[in-house]
Amino acid sequence: MSISEVHITRTRDVEPNASAQPAHPAGAPLVRGLNPEVALQLLQQSGHGALPGEPLSDAWLQALIDALVDLSSRDALTGLANRRSFELALAREIDRVARSGEPALLLTLDIDHFKKVNDTHGHAAGDLVIQAVGRALADTVRPMDLVARVGGEEFSIVLPNCPAAFGPQVAERIRKRVARQPVDIAPGEAVAVTVSVGGAFAPQWVRTTARLWMDRTDLQLYRAKSEGRNRCCLEPTAVPLVSAEEKGLLFASSTFQDFS
Amino acid sequence: MMAAVPTPTQDKAGAPPAASHGACITAITSGKGGVGKTFVSANLAAALARQGERVLVLDADLGLANLDVVLNLYPKLTLHDVFTGQTKLEDAILPAPGGFSVLLAGSGMIEYSRLTPTVCDQLQDVIHRVRPRFDRVLLDTGAGISDVVLYTVSLADEVLIICTPEPTSLTDAYATIKVLATTQPRRLIRLLVNQVQRPGEARAIRKQLQLVVDRYVNSGLDKPVMIELLGEVPYDATVRESVIKRELLLECAPGSAAAQAIVAAAAKHLAG
């Protein structure tokens, strides 16, 4: 059963002797231990509209749960998927790639010199930059792609069914889109923002782990950073060849003198 | 003749299989072809069977199977028939000389040499179904680093790489280790060096492979890949004779140095 099919059941529906208990005082929770007040406050604070239906009705409770699930899978600052829901999506994508063999790309992006923005213009400006980058990323990818904020100034994007040949183009389009648009941090004041992008494709047909896949993209992100930032580095997709350097070490004469 | 399909027994003496739910599954691969992968698979299986293990060799070289050639078998029923639903799995598991069982790919598998979701599912299903019936399952994969080979290896509990001291074989073994390390969570890779000219050569090869892996592969991983030497099989003229006669080395020249080396590797394999 998928999570979307789970409906909660109020205790009075499952306990035959529920009617023998004293009637609930008006406004008291019908589900044991559930206090909807805090949940409603959280939803209100995050800008969620009123829930449909009679308060505490089945439909209302279901809508409350749906809204809370949505809230707990999003990043508060950007409204993008948060790290938790991103890792779930990544695991699902790995299963899909192992089954279907369709290529899938994972990109990890980091805002360049973000600390400088924070230090020079303050945290409020830093937040505006993060929000603007988040919007730029969401605008640049397909609806089926998942954009997540996975850390302070770090974002990840899962791109299902992305052919290897398009990988560099997609990454480059995202990088350019961010670099093109300075972020307004105060009236009349804008800062230029760039991102470094690392990417790797999931190994087709093979069940890998989310950790391994993320490590591989992180390695490419590190490469992009160390090669000067504001650039994309994707792991080469062909079967990794053995370089002349590696062969040199492999056949180092010491190998065959090691025993005598 | 031994039963082709042993029934699962709970009270079998000896070491329990590695996986609690049945056989320990070992993928045997090489990168380069022609290094004696199928020869090692068949003789290792015979050596394991002699130790009392219920062993199955599954010919996972779907495109160019040749386990039947090595064992001089003319199977009527193969994996192909299982995949196409023309026979039951039980009927395609055949007894082989040497006291182990085989599931041969047979000819006509060319349509399976490319991985599709159907082939993935069928291979996984067959492995799932043979697991409870044996103590050891050896998957004799094809040469190369194709998607079928990588997928087959990903289904196994352990991987054993066969190489020879030749530079081309070493390069391909290294390439295989590199691809496995970066795409699969497995961190222990076993190595068996075939056609060794001088005793101790395999130890030096393992050491050098580990050195290159440490420098070029492990530097990018948070948990390092370790290469463990399972054994070395000396170059031995009797091997060629047994291959040409299409007999198991363990049967036609059990006293040969190569046969002894394979028995020793099997003992080490059983010890974990």
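# Briefing: a predicted model of chains A and B

In the contact between the two chains, 32 residues of chain B meet 27 residues of chain A.

**The side of chain B that touches chain A**

- Four elements of chain B each give two or more residues to the side that touches chain A, namely α5 (117-130), α6 (147-155), α7 (167-183) and α8 (201-216).
- Of these, α8(B) supplies the largest share, with ten residues.
- Sorted by class, the residues on this side of chain B comprise 17 nonpolar, eight polar and seven charged.

**Chain A in outline**

- Chain A holds nine helices and seven strands, and of its 260 residues 29% are buried.
- When contacts in chain A between residues at least 6 apart in sequence are considered, 63% of them join residues at least 24 apart.

**The sheet of chain B**

- Chain B has an open sheet of eight strands with mixed pairing, and the strands follow the order β3-β4-β2-β5-β1-β6-β7-β8.
- Its edge strands are β3 (93-96) and β8 (226-234) of chain B, each of which pairs on one side only, and the twist from one strand to the next averages 25°.
- Within this sheet, strand β1 (residues 24-29) of chain B pairs with strand β5 (residues 136-141) of chain B in the parallel sense, over five bridges, and B:C24 stands opposite B:R136 in β5(B).

**Helices on the sheet of chain B**

- Helix α1 (residues 37-50) of chain B lies across β1, β2 (55-60), β4 (100-103), β5, β6 (158-163) and β7 (188-196) of chain B, and runs at about 170° to β5(B).
- Helix α8(B) also packs on the sheet, where it touches β7 and β8 of chain B, and its direction makes about 155° with that of β8(B).

- The crossing in which α7(B) passes α8(B) is right-handed.
- From α7(B), the residues B:L170, B:A173, B:Y174 and B:I177 meet B:I205, B:L209, B:V212 and B:V213 of α8(B), and by class this contact has eight nonpolar residues, with no polar and no charged ones.

**The pair α6 and α7 of chain A**

- Helix α6 (residues 123-140) of chain A packs with helix α7 (residues 167-180) of chain A at an angle of about 140°, and their axes are 9 Å apart.
- Because angles over 145 degrees are needed to count as roughly antiparallel, that angle makes α6(A) oblique to α7(A).
- The crossing of α6(A) and α7(A) is right-handed.
- In this contact A:V133, A:A136, A:L137 and A:T140 of α6(A) meet A:R173, A:I174, A:R177 and A:V178 of α7(A), and the classes represented are five nonpolar, one polar and two charged residues.

Note on methods
Residues numbered from 1 in each chain as written. Chains lettered and ligands numbered in written order. Predicted model: local features only at pLDDT ≥ 70, side-chain atom pairs only at ≥ 80, totals over all residues. Contact = placed C-beta atoms within 7 Å. Nonpolar A, V, L, I, M, F, W, Y, C, P; charged D, E, K, R; others polar. Buried ≥ 20, exposed ≤ 12 C-beta atoms within 10 Å, placed from the backbone. Pairing = 2+ DSSP bridges. Axes fitted to C-alpha atoms, helices over the stretch in contact; angles between N-to-C directions. Left-handed = near helix turned anticlockwise from the far one by under 90°. Parallel < 35°, antiparallel > 145°, perpendicular 65-115°, else oblique.
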